[in-house]
Amino acid sequence: MSEPESPIGANAVERTDKEHVFGTWSYQSEVDPTQVVEADGVRFTTADGTEYIDFSSQLMCSNLGHSADRVADAVAEQVRDVPFVAPSYTTDARAKLGEQLAEITPGDLSKTFFSTSGTEAVEAALKIARLYTGKQKVISRYRSYHGATHGSISVTGDPRRLASEPGVPGTIKAPDPYAYGSTLDPMESLEYIDEMLMLEDDTVAAVLVEPIVGSNGILVPPDEYLPRLKEIAHDHGALLICDEVMSGFGRTGEWFGCDVFGVTPDIMTMAKGLTGAYQPLGATIVTSEIADHFEDELFCHGHTYAGHPVAVAAGTAAVETYREENLIEHASEVGDYLGERIEELGERHPSVGETRGVGLFRGIELTKRADERVPFGERKDKISTGTTVVDEVSATAADHGTYVANMINTLIVAPPLPITEREVDEAIDALDAGLDVSDDAMDD
């Protein structure tokens, strides 16, 4: 029996009556509402015909939106010209992207190792720090996410690490710059890190942080936090590694999160916005001093697809797009407007406990009680089944045409950089409807 043509395109998943040798199966015709069939600008469309504003850039990675023609053309051209070479060879695109990253990163960050993801970029950073310093321990923070491989999950703080523990030896967790509901002032948490480094007695290779914490709550430290953290790390002979996988490439209204605080780390990791998610690519860039060390010492590390020609071609075109379309400046301007609109939501909805963020990197943390922090979602919910009120808020926003991610107890607002104020308004209206759900669920 021939299959009927799908009314919404060949990519739609559709079930119909089918004849079977033992009889007839009868299925109700349906399409998969999670199957994305089209994406354009800051919007995407699913197989059931529903269009959404992408208010979280998928997994906070589609910084360029879904219509970066320059990147798409670069990928197609590279596939035709040189689809792959071993990492021991080089290509024009790889050399060019290395030059571009040296230009746009702060200070004397100058030499890059390419990989295929943020996780791998962090793995490279950990190995570089340990080989360079001759030490093994790494301090990271509890509210952090650095990847899913064995090393990167070991330095991750959030509950996703628990299934992999004890993990790689020598990873130590420190408190975070988290003011809302924490017992520590953000700057006080630095004194703990200082004491931890002293007690570890010159055995720590690096302190690893997200300059602005991403999926664990969009935590923005005070202006003086990151400069002081670098001083503390260097006072104890440790490097500062900044994980810019989520906060990089215009997300904060600057090229990188550390630029917000005027700090140059010793090592920086990046991915996601590096290609705008058009290709999987990670990168680990180091200062000239660290790079010079490995001119004489072997850096025993590598991947088959390290510096993949097609991925780095996407990266070079992405950097050109950020520059030529002035997207960093645009993100800063529209980011201010987004911040104002989110603050308005906080004033209207008692279930909004705190709003925070910078540029187009914003968080809305919820509370069951207006006068104190009582979260709807807790850390243990990250690794449990079922749904929370925070999930229901996101689902209601989706019903109103806006996709917004949530992690634990925070809605993560991180739209593509080309978003306009009008599109922000449309998405805020959807969040407004979603927050009615959490208002109704508050404790009496």
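This is a dialogue on reading features of a predicted model.

Student: How many aromatic pairs does a search of the whole structure find, and what describes such a pair?

Tutor: Two quantities describe a pair of aromatic rings, namely the distance of the centres and the angle of the planes. In this predicted model, a search of the whole structure finds nine aromatic pairs. For Phe44 and Tyr52, the ring centres lie 5.3 Å apart and the planes make 25 degrees, so this pair counts as stacked, the cut-off for stacking being under 30 degrees. Phe44 is buried, at a relative accessible area of 8%, and Tyr52 is buried too, at 14%.

Student: Which residues form an aromatic cluster, and where does the charged end of Arg160 sit?

Tutor: One aromatic cluster is formed by Phe249, Trp255, Phe256 and Tyr322. As for Arg160, its charged end sits over the ring of Tyr145, at 3.9 Å from the centre of that ring.

Student: How many disulfides does the structure hold?

Tutor: A disulfide is a covalent bond that links the sulfur atoms of two cysteines. This structure holds zero disulfides. Cys258 is in none, and the nearest cysteine sulfur, which belongs to Cys242, is 5.2 Å away, whereas the cut-off for a disulfide is within 2.5 Å.

Student: Are Cys258 and Cys300 buried or exposed?

Tutor: Cys258 is buried, with a relative accessible area of 0%, whereas Cys300 is exposed, with a relative accessible area of 54%.

Student: What span should helix H9 have, and how far apart are its end C-alpha atoms?

Tutor: An α-helix has 3.6 residues a turn, so residues three or four places apart point the same way. Helix H9, residues 309-324, has 16 residues, which at 1.5 Å a residue should span 22 Å, and this agrees with its end C-alpha atoms, which are 22 Å apart. Of the 16 residues of H9, 14 are buried, so the helix is largely enclosed by the rest of the structure. After H9 comes Asn326, whose phi is positive, near 50 degrees.

Student: What is the strand order in the open sheet of seven strands, and which strands stand at the edges?

Tutor: The order is E6-E12-E11-E10-E9-E7-E8, and the pairing is mixed. At the edges stand E6 (109-115) and E8 (171-174), each of which has a single partner strand, so one side of each is left without a neighbour in the sheet. From one strand to the next, the twist averages 20 degrees. Within this order, E9 (residues 204-209) and E10 (residues 239-243) run parallel and are joined by four bridges, with Leu208 standing opposite Ile241 in E10.

Student: How many residues of strand E14 are buried, and which strands do bridges join to E14?

Tutor: In E14 (residues 361-366), six of the six residues are buried, so the strand is largely enclosed by the rest of the structure. E13 and E14 form a hairpin with two residues between them, and in the turn Gly359 has a positive phi of about 60 degrees. Four bridges also join E14 to E17 (residues 410-413), again in an antiparallel arrangement, and here Arg362 stands opposite Val413 in E17.

Note on methods: Residues are numbered from 1 along each chain as its sequence is written. This is a predicted model: local features need pLDDT of at least 70, side-chain atom pairs count only at pLDDT 80 or more; totals for chains, interfaces and linings use all residues. Side-chain values use heavy atoms; hydrogens and water are left out. Rings of Phe, Tyr and Trp (its six-membered ring) pair if their centres lie within 6.5 Å; planes under 30 degrees apart count as stacked, over 60 as edge-to-face and the rest as tilted. Buried means under 20% relative accessible area, exposed over 50%, partly exposed in between (1.4 Å probe, protein chains only). A charge sits over a ring if NZ of Lys or CZ of Arg is within 6 Å of the ring centre and within 35 degrees of the ring normal. The expected span of a helix is 1.5 Å times one less than its number of residues. Two strands pair if DSSP finds at least two bridges between them. Axes are lines fitted to C-alpha atoms, for helices over the stretch in contact, and angles run from 0 to 180 degrees between N-to-C directions.
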